[in-house]
Amino acid sequence: MRRLLVTGGAGFIGSDFVHYVMEHTDDYVTVLDKLTYAGNARSLDGLDPQRFRLVIGDICDAPLVDRLFAEHDAVVHYAAESHNDNSLTGPEPFVATNVVGTFTLLEAARRSGIRYHHISTDEVYGDLELDDPERFTEQTPYNPSSPYSSTKAGSDLLVRAWVRSFGVAATISNCSNNYGPRQHVEKFIPRQITNVIDGIRPRLYGDGRNVRDWIHADDHSSAVLAILDRGVIGETYLIGADGEKSNREVVEIILRAMDQPTDAYDLVTDRPGHDKRYAIDWTKIRDELGWEPRYRHFESGIADTIAWYRANEEWWRPQKASTEAKYELTGQ
Ligand code: NAD
Ligand code: DAU
């Protein structure tokens, strides 16, 4: 039985990974999570206490991290400040958690020799033109745009340096935009679904033509498990699922699935520095690790996600009003 430490496991993707590991392996899982506004212990409800525990704490707390690393075989590092809009209004916690937090984990990994997997984002590569035939590959130069993506890029570079200089046994993955259950209502898809439930028209930034490359969170989780099991130390793997869609297309799919007219949305103030398009070439992880995404039908994945938000209002309702109040301040 492998002992896995998952940082940020009470967040959206981290909790998906924890559920995925509990279902598909016999690993023991410890979550280390600070439970910021984005963390929700309820996302971990129902897990077998014989194989799971939650430790509430900060990844910047070096003595705590040292203790936990000594008790585990591998760490998967999801914990982060993750929302671009927040990074534009208050970047400080992004530097603290994403850069200093990752540094703290790497130093502890260096001391303990633990296997380390680093979760990152396609945003480190900057953006592509809407009509560019290219997609991001593992060779694309880093060119981040926002405070969020620059702190993620910085954390990736720290990992690469700690592998090369100190022999830390690390891998990195950079994934595209995830969707699925238990995502905070500040993010695009849950925000629009819960807006429609509340009778508010969805809000599209700018002209709504920006493109994101969507992947179901379970596919991200299966890819991370494949890297943990079969990935080569020091390597980076891009994770995607050929899910490119403009924000307009996504909102129209949500509106159609919720029996609303497909033009019942508003265009609002654009995000400063808004990346135009992300697109992932996932050939390497397919050819080298034999991984493939399972959720290939976006409309049915969105229908399931809508059903989850309808059935789990008590999970998201406490965050909704304060999230919308923040958006009101920026005219979004
Ligand atoms: P999230 O905001 O939903 O969750 C982040 C979690 O980290 C929360 O539970 C929070 O409490 C915890 N956390 C924050 N600061 C912490 C600290 N100092 N110590 C301990 N825990 C702390 O984020 P998410 O969307 O699940 O993203 C998780 C990871 O995946 C991030 O590293 C993000 O960069 C990466 N990523 C996200 C996406 C996406 O589409 N959401 C895509 C690619 C990569
Ligand atoms: O690409 C991976 C990244 O995807 C992750 O690294 C980030 O953690 C994650 O938050 C996500 O970043 P984005 O900025 O792409 O996601 P967000 O959900 O904030 O926005 C998706 C798109 O929708 C983006 O073009 C902005 C737009 N948008 C967003 C909101 C909240 C709107 O048009 N209206 C909105 O209300």
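Helix H6 passes helix H8 in a right-handed crossing; a crossing is called right-handed if the near helix is turned clockwise from the far one by less than a right angle, and left-handed if anticlockwise. Helices here are DSSP runs of H or I with at least four residues, numbered from the N terminus. The structure is a predicted model, in which local features need pLDDT of at least 70 and side-chain atom pairs count only at pLDDT 80 or more, while totals for chains, interfaces and linings use all residues. Residues are numbered from 1 along each chain as its sequence is written, chains are lettered from A and ligands numbered from 1 in the order in which they are written, and side-chain values use heavy atoms, with hydrogens and water left out.

Two packed helices are described by the angle between their axes and the distance between the axes. H6 (residues 188-197) packs on H8 (residues 247-257) at an angle of about 35 degrees, and the two axes are 10 Å apart. The axes are lines fitted to C-alpha atoms over the stretch in contact, and angles run from 0 to 180 degrees between N-to-C directions. On the H6 side, the contact (heavy atoms within 4.5 Å) is made by Phe 188, Ile 189, Gln 192, Ile 193 and Val 196, and on the H8 side by Asn 247, Val 250, Val 251, Ile 254 and Leu 255. By class, 8 of these residues are nonpolar, 2 are polar and none is charged. In this classification Ala, Val, Leu, Ile, Met, Phe, Trp, Tyr, Cys and Pro count as nonpolar, Asp, Glu, Lys and Arg as charged, and the others, Gly among them, as polar.

Helix H4 (residues 92-112) takes part in a packing with helix H2 (residues 62-70), at an angle of about 40 degrees and with the axes 9 Å apart. H2 is therefore oblique to H4, given that angles under 35 degrees count as roughly parallel, over 145 as roughly antiparallel, 65 to 115 as roughly perpendicular and the rest as oblique. The crossing of H2 past H4 is right-handed. Ala 62, Val 65, Asp 66 and Phe 69 of H2 meet residues of H4 including Thr 104, Leu 105 and Ala 108.

A polar side-chain atom of Lys 152 is 2.6 Å from an oxygen atom of ligand 1. Around ligand 2 there are 25 residues, of which Asp 122, Tyr 148, Asn 177, Arg 271 and His 274 are the closest. An oxygen atom of ligand 2 lies 2.6 Å from a polar side-chain atom of Tyr 148. Phe 188, one of the H6 contact residues, has a backbone N or O atom 2.9 Å from an oxygen atom of ligand 2.

Key:
Helices (H or I, at least four residues) and strands (E, at least two) are DSSP runs, numbered from the N terminus. A residue is near a molecule or strand if one of its heavy atoms lies within 4 Å of it. A polar contact is a pair of N or O atoms within 3.5 Å; within protein, one must be able to donate a hydrogen and the other to accept it, and residues adjacent in sequence count only if both atoms are side-chain atoms.
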